[in-house]
Amino acid sequence: MGKLFLVLLPLLMFIFQHIKAEFTAKDCRDLGFIKSQLYCSSCDTLGEYGLDELKDHCRECCQKDVESTGKLMVYPKAVLEVCTCKFGAYPQIQAFIKSDRPQKFPNLTIKYVRGLDPIVKLMDEAGNVKETLSITKWNTDTVQEFFETRLTKVADDNDYLLTNRVQSLHV
């Protein structure tokens, strides 16, 4: 019985290790995921596109992006940093920057940094960087959607409904 236990122990340890193990960045890349850029909330949307069979692998490759309350982390400020010399390599980022889309996000700053591939820095109120993300593989719509979901909404002072509110006075 003791010899059988000694033979089965390494096998059980191997199985337990692989069941519990998270995929490496290379494993994820081989599966078509970029581990450093994949958020677990994205895995939840795979079913909408008929890709339920990818969910398990997606979950092994994703980064947690939700707080314990289950809500997405939302930040008051963001900076999109890129070098204009890289626009040829990242036309989708150029298209986003040169369009009217950045104007929809008054708390977004675009900063040109010589030689830098496109990244987004998410910040707290004091301007401290809380997250930095590479956006080299994102398309224009993904960039916009990201800012719509991860940046705090800022009221537009030019909004007709806000500027023309009727206020009642209690006399």
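**Exercise 1. At what angle do H5 and H6 pack, and how far apart are their axes?**

The model is predicted: local features need pLDDT of at least 70, side-chain atom pairs count only at pLDDT 80 or more, and totals for chains, interfaces and linings use all residues. Residues are numbered from 1 along each chain as its sequence is written, and side-chain values use heavy atoms, with hydrogens and water left out.

Step 1. Helices (H or I, at least four residues) and strands (E, at least two) are DSSP runs, numbered from the N terminus. Axes are lines fitted to C-alpha atoms, for helices over the stretch in contact, and angles run from 0 to 180 degrees between N-to-C directions.

Step 2. The angle between H5 and H6 is about 55 degrees, and their axes are 8 Å apart. That makes H5 oblique to H6 (under 35 degrees is roughly parallel, over 145 roughly antiparallel, 65 to 115 roughly perpendicular, and the rest oblique).

Step 3. Contact means heavy atoms within 4.5 Å. From H5, Gln92, Ile93, Ala95 and Phe96 meet Thr140, Val143, Gln144 and Phe147 of H6.

**Exercise 2. Describe the aromatic pairs and the cluster.**

Step 1. Rings of Phe, Tyr and Trp (its six-membered ring) pair if their centres lie within 6.5 Å; planes under 30 degrees apart count as stacked, over 60 as edge-to-face and the rest as tilted. By this rule the count is four aromatic pairs.

Step 2. One of them is Phe96 with Phe147, a tilted pair at 5.9 Å centre to centre and 35 degrees between the planes. Phe96 lies in helix H5 (residues 91–98) and Phe147 in helix H6 (residues 140–150), so the pair ties together parts that are 51 residues apart in sequence. Both Phe96 and Phe147 are buried (under 20% relative accessible area; exposed is over 50%, partly exposed in between, with a 1.4 Å probe and protein chains only).

Step 3. Trp138 and Phe146 also form a tilted pair, with 4.9 Å between centres and 55 degrees between planes. Trp138 counts as buried at 9% relative accessibility, and Phe146 is buried at 8% relative accessible area.

Step 4. Phe96, Phe105, Trp138, Phe146 and Phe147 form one aromatic cluster.

**Exercise 3. Work out the order of the sheet and place the helices on it.**

Step 1. Two strands pair if DSSP finds at least two bridges between them. The open sheet has four strands in the order E2-E1-E3-E4, with mixed pairing. E2 and strand E4 (129–134) are the edge strands, each pairing on one side only. From one strand to the next, the twist averages 20 degrees.

Step 2. Strand E1 (residues 77–82) and strand E2 (residues 108–112) run parallel and are joined by five bridges. Ala78 stands opposite Leu108 in E2, and Val82 stands opposite Tyr112 in E2.

Step 3. H5 packs on the sheet, touching E1 and E2, and its direction makes about 130 degrees with that of E1. H6 packs on the sheet as well, touching E1, E2, strand E3 (119–123) and E4; the direction of H6 makes about 5 degrees with that of E3.

Step 4. E1, H5 and E2 make a right-handed β-α-β unit (with the strands pointing away from the viewer, the path from the first strand over the helix to the second runs clockwise).

**Exercise 4. Summarise the protein chain.**

Step 1. The protein chain has seven helices and four strands, in the pattern α-α-α-α-β-α-β-β-β-α-α along the sequence.

Step 2. Of the 171 residues in the protein chain, 29% are buried.
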